[in-house]
Amino acid sequence: MSRKATVDEQIGSVTDPRDYRKTVIPELQDIDTLLRCNICKGFLKTPVLTPCGHTFCSLCIREYLNREQKCPLCLAELRESMLKSEFLVNEIAASYTKLRPKLLEFLNVEKGHQTQPVEDSSCMEIEHHLASSDRSISRINEENGDGDDDDIQIIETRENRPSKRPADAIFASAKKSRKESPQSGITSLFNRAKSPALHQPKLADCPICGKSFPVEVLQRTHLDECLSKEALDKPEDISSSPVTVKPALNPVSKELPTIEQPDFVSTTHYNRYLESTSNGSVTRLAKINFSSTSLQQLKQKLSSLKLPTAGSRQQMINRYNHYEMLWNSNYIDSIDPVDESELRRRLASWESNHNASDIPSKSGFISKFLIKNPMKDFKTDRFDRKGWAQAHQRAFRRLIREAKTSLKKSKKATSEHAGSLEQEDSTHLNQSVSSDLSAVPSNQLVARKDNITTCSQGSSET
Amino acid sequence: MGSRLAKEYVQTAKTLRNDPAFSHVLALAPVSDDVLNKWEATIEGPPQTAYYGYQFKLQIEVDQNYPIKPPWICFEPQTVPHCNVDYDSGRICLNLLDADHWSPAWDLLHSINAIWQLLANPEPDSPLDIDLACLFRTKDYCAHDSLVRYYLNGGSRGSTGPIRGTR
């Protein structure tokens, strides 16, 4: 049941780009998709850029590169050393992830208020507005001669208008920009900048003049302007340029005081980005050529990294490889590296799931074989030959030993007495084999057991 | 990995509900909600092929290292006569599903879609069913299609396998 609960939890916590489909701006699903890693389908965590121009989570791509040295998207050759970290994308993804629930909430609420379908509402509203104003004018004209009924209507239309008008105007402008150009990520970015709730949390302080701007404006134009103006030493221009931006912001905060939030939420990401430097002090953890490394060297290497040296050679290799991945991802790609002890903690939690110690892994094999018929894919590539050999290693060795001794015996016997003793020996061999099989602890020797027991039964019957 | 599969479950369900481009995928979901590493899919035979009008079930098992490792997908045994499908086991020969050609950017829905396309476009150069591959290679599509139909309608495979039940 607890398992079920966790699955439900997992499903409940899943975010999907199509969450935007039912909102006012369904195009936002494009951004949502773009900010996700193609491997884990989650939002980019510590993104790295490949030479072929694709971006993945550092851990996702490093794990894949341990197996295949190519880009998952374009299949171009790719090695770990080619990866470059992308601090900007990291901060964009992080701030977007934070913003996302609010964004969705706001866009859904907005839709709830609209009585008409959003797509045509802007035009409709304007037309409606014009029509109603015309009507109200005509009503006023009529009113002069007519009764009180119309008076009420006029009041109604006038009451409705003022509250709706500013929002309509904003949406109308947003719609216009969308209609002018084909729907794309960039248009949704524009929409985002124009729609009140969207740019509001994306404010950032300019590091030069100290005034706050939408991040977009800041990065695209203002920083350059500000820098060049500072160089030219024209303070009056600096004061003039924020003024052009500010008025666009002010009505928004008036209208939607609930959405207004402190600037530090977004500025931290921006500051983090500006302050980020490549971590030169910590060295990359090198890959080890395990085929030329002795067990002793391997243990030394692990203990020098303060890692446990328990388990089989393969487990130690896996442990080193995973730690190397965590280490490099953390110290080379991450904007905000964590402590070594935290890395070791992550390694331990990974190991409990993926690199289990001998005994659980053996029972893992057995349960795996019990669940599905192991013979089903005995001949296909899927059959776990290594696992099978490992699980039954002891039994195989004993069988080989038995076979060797009895072979020697039978040779001796045939050289001394031809014929009569031969049968005795072969039955002896069969008995020893079958008794050996019954002593095998695992009941999984289906393949061999079938063959051998049938032949031993056959001969013992004779 | 668990969360990745949960993600995929939700996204697949949404796609199947909304996207007409995947209307041939009739079902794709975990066998039960408790275990997310075993999935089952049902696809429709592609139009303008001998498979049209039939439905095919696929078994999917997802490796612990998915999406780094490919999922394992096969048809139900003895349901699909196709030159790249082993009739008796349902094993599919599709390079996408090899460890060498798999890319973690793929997901289950796209794998299933690729298999659907394989049904319509047999690849006779790496056959698992020699007879159908030979017919296809000699461009005797008429014979190929009628043999496929014969098997789909419960025709006997002779000594190579037991007579399959009627569908």
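Predicted model: local features only at pLDDT ≥ 70, side-chain atom pairs only at ≥ 80, totals over all residues.
Trainee: How many residues are buried in chain A as a whole?

Mentor: Buried residues make up 21% of its 462 residues. The chain has 19 helices and five strands.

Trainee: Which helix does H12(A) cross, and at roughly what angle?

Mentor: Two packed helices are described by the angle between their axes and the distance between the axes. Here the axes of H12 (residues 295-304) and H13 (residues 313-333) of chain A come within 11 Å. They cross at roughly 40°. The crossing is left-handed.

Trainee: How do you know which residues make the contact of H12(A) with H13(A)?

Mentor: The test is C-beta atoms within 7 Å, placed from the backbone. H12(A) brings Leu295(A), Leu298(A), Lys301(A) and Leu302(A). H13(A) brings Arg313(A), Met316(A), Arg319(A) and Tyr320(A). Sorted by type, the residues of this contact are five nonpolar, no polar and three charged.

Trainee: What follows H12(A)?

Mentor: Lys306(A) does, with a positive phi near 60°.

Trainee: Where does the "domain: SAP" label come from?

Mentor: It comes from UniProt, in an unreviewed entry, and covers residues 290-324 of chain A. In the model that span is 63% helix and 0% strand, with its end C-alpha atoms 13 Å apart. UniProt also places "domain: RING-type" at residues 37-74 of chain A, again from an unreviewed entry. That stretch is 21% helix and 16% strand, and its end C-alpha atoms are 14 Å apart.

Trainee: Why are S2(A) and S3(A) said to stand at the edges of their sheet?

Mentor: The sheet is open, with three strands in the order S2-S1-S3 and antiparallel pairing. S2 (55-57) and S3 (84-85) of chain A each have a single partner strand, so one side of each is left without a neighbour in the sheet.

Trainee: What makes S1(A) and S3(A) a pair?

Mentor: Pairing takes at least two bridges. S1 (residues 47-49) and S3 of chain A are joined by two, running antiparallel. Leu49(A) has Lys84(A) as its bridge partner. Helix H3 (residues 58-65) of chain A lies across S1 and S2 of that chain, at about 95° to S2(A).

Trainee: How do you know that S1(B) and S2(B) pair?

Mentor: At least two bridges are needed, and five join S1(B) to S2(B) (residues 38-44). Val25(B) is bridged to Ile43(B). The open sheet runs S1-S2-S3-S4 in chain B, with antiparallel pairing. S1 (25-30) and S4 (72-75) have a single partner strand each, so they are its edges. From one strand to the next, the twist averages 15°.

Trainee: Which helix lies across that sheet?

Mentor: H2 (residues 108-120) of chain B lies across S1, S2, S3 (55-61) and S4 of chain B. H2(B) runs at about 140° to S1(B).

Trainee: How many residues does each chain bring to the contact of chain B with chain A?

Mentor: Chain B gives 21 residues and chain A gives 21 residues. On the chain B side, H1 (residues 2-18) gives the most, with 10 residues. That side divides into nine nonpolar, five polar and seven charged residues.

How values were computed:
Residues numbered from 1 in each chain as written. Chains lettered and ligands numbered in written order. Helix = DSSP H or I, 4+ residues; strand = E, 2+ residues; numbered from the N terminus. Axes fitted to C-alpha atoms, helices over the stretch in contact; angles between N-to-C directions. Contact = placed C-beta atoms within 7 Å. Left-handed = near helix turned anticlockwise from the far one by under 90°. Nonpolar A, V, L, I, M, F, W, Y, C, P; charged D, E, K, R; others polar. UniProt positions renumbered as here; feature names shortened; annotations may be inferred. Buried ≥ 20, exposed ≤ 12 C-beta atoms within 10 Å, placed from the backbone.
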